[in-house]
Amino acid sequence: MRYLVTGGAGYVGGVVAARLLAEGHTVTVLDDLSTGFREGVPEGAAFIEGRVQDAARHLDPSYDAVLHFAAYSQVGESVADPEKYWTNNVGGTLDLLAAMRGAGVRRLVFSSTAATYGEPVSERITETDPTAPTSPYGATKLAVDHMIAGEAAAHGLAAVSLRYFNVAGAYGSCGERHDPESHLIPLVLQVALGTRESISVYGDDYPTPDGTCVRDYIHVADLADAHLLALRALEGGEVPAGEHLICNLGNGNGFSVREVVETVRAVTGHPVPEAVAARRPGDPAVLVASADRARARLGWKPTRPELAGIVADAWEFARARAAGAATRDVAGADGGAADRAAGGADA
């Protein structure tokens, strides 16, 4: 099978592209490298440096499906610069859907987000819970979900939107590296590495067992499994033409900020100083997914639910990156070529 992976130079897109290649598929990555990294494109994938808005130049009927990860995803930035998010996330997807329609490519897997729900009405969020995003980022992702539903109904698209909760861990050479970093686990690992002085804990007076926010963490490799299962459901007709299936992806169990910090201490053997700060506006006490629909419709369940394993994989990746950066710094000093927030709960 042949797939186009938009945003395949990023964290999740790169892992999914690598898994597709490992299964023997042909993969083309389309990424403008505005947030992704060229070295994040897995070996064996064809690479096109370009914007998702230009997908019509590259799509043709030989593609069996598109996996769409090309979106800006920083909540804070979306508040400060909403037009950037509407232009890219919504406008870009509109162009992508038109390109797919023109090329006759009728299967899509979309990288959606739990940010579409906003403030939760229940501790275990289901796909039927109200959607009320609290940021332009979440609003753009919800707008795309509505757009895909309309495309499916009007033009026979078969589509699956996967609403991630907090993705973490690493797979091979693919791991988290945002600039600036905003996710809790890599931020705490920066403290363990000595590149950050302490981790800020935003609020310790929530109605949770230890007073800190609770979030649902999912290993990136489990997330990739869900994408492959979604493709099989599309190709096998379990998700037929005209249907847009939305599935939450999470472990169904929550870990508090302090549990994450303690787990990093145990895995790394390093002290991790923490500093309690005021709550951040809009941070719910608990965000945990119900993934029952993904189990029922896709046959998916997480196989790496332990927080220690997620942290250990992320730690291995973080140390490898730090060692690589140190090596490049030495090479640069010798005349060789050199490369190019404090956190509470993840958004």
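Is A103 buried or exposed? A103 is buried, at a relative accessible area of 11%. Here buried means under 20% relative accessible area, exposed means over 50%, and partly exposed lies in between (1.4 Å probe, protein chains only).

Before moving on, note that this is a predicted model, in which local features need pLDDT of at least 70, side-chain atom pairs count only at pLDDT 80 or more, and totals for chains, interfaces and linings use all residues. Residues are numbered from 1 along each chain as its sequence is written, and side-chain values use heavy atoms, with hydrogens and water left out.

**Stop 1: A103 and its helix**

Stay on A103. This residue is found in helix α3. Helices (H or I, at least four residues) and strands (E, at least two) are DSSP runs, numbered from the N terminus. Now show the neighbours of A103: L59, D60 and P61 are in contact with it, leaving out residues up to four places away in sequence. Contact means heavy atoms within 4.5 Å. Next, draw a distance from A103 to R297. Their C-alpha atoms are separated by 28 Å, and they sit 194 residues apart along the chain.

**Stop 2: the largest cavity**

Select H68, F69, A70, A71, N89, T93, F110, S111, K141 and V144. Together they line the largest cavity. A cavity is a set of points, on a 1 Å grid over the protein atoms alone, where a 1.4 Å probe fits but cannot get out; lining residues have an atom within 4 Å of a point. The space inside is about 50 Å³. That volume is the space filled by probe spheres set on the points, with grid points joined across faces, edges and corners.

Which elements each supply at least two residues of this lining? They are α3 (82-103), β5 (107-113) and α4 (136-155). Colour the lining by class: five residues are nonpolar, four polar and one charged. Ala, Val, Leu, Ile, Met, Phe, Trp, Tyr, Cys and Pro count as nonpolar, Asp, Glu, Lys and Arg as charged, and the others, Gly among them, as polar.

**Stop 3: the second largest cavity**

Now select Y117, E119, P120, V121, I125, D129 and P130, which line the second largest cavity. Its volume is about 30 Å³. The lining has five nonpolar, no polar and two charged residues.

**Stop 4**

Go to E176. It lies in the loop between β8 (166-168) and α5 (184-193). E176 counts as buried because its relative accessibility is 10%. Show its contacts beyond four places in sequence: Y11, V167, A168, E181, H183, P186, F317 and R321. Then pick out F317. It is 141 residues from E176 in sequence, yet the C-alpha atoms are 8.4 Å apart.

Next, select Q53, in the loop between β3 (46-49) and β4 (65-68). Q53 is buried, at 16% relative accessible area. Beyond four places in sequence, Q53 touches T87, N88, G92 and D95.

Then move to L33, in the loop between β2 (26-31) and β3. Check its backbone. L33 has a positive phi of about 65°, although it is not a glycine. Most residues other than glycine have a negative phi. L33 is buried, at 19% relative accessibility.

**Stop 5**

Select E235, in helix α6 (residues 220-236). E235 is partly exposed, at 26% relative accessible area. It touches M1, Y3 and R107, not counting residues up to four places away in sequence.

R232 is also in helix α6. R232 is partly exposed, at 44% relative accessible area. Its contacts, with residues up to four places away left out, are E23 and E238.

**Stop 6: cysteines and the annotated span**

How many disulfides are there? The count is zero, taking a disulfide as a pair of cysteine sulfur atoms within 2.5 Å. Select C213, which is buried at 2% relative accessible area. C247 is buried too, at 0%.

Finally, select residues 4-239. UniProt, in an unreviewed entry, places the feature "domain: NAD-dependent epimerase/dehydratase" there. UniProt positions follow the numbering used here, feature names are shortened, and annotations may be inferred rather than shown by experiment. The span is 37% helix and 19% strand, and its end C-alpha atoms lie 19 Å apart.

Note on methods
On a 1 Å grid over the protein atoms alone, a cavity is a set of points where a 1.4 Å probe fits but cannot get out, and a pocket is an open set with protein on both sides within 12 Å along at least five of seven lines; lining residues have an atom within 4 Å of a point.
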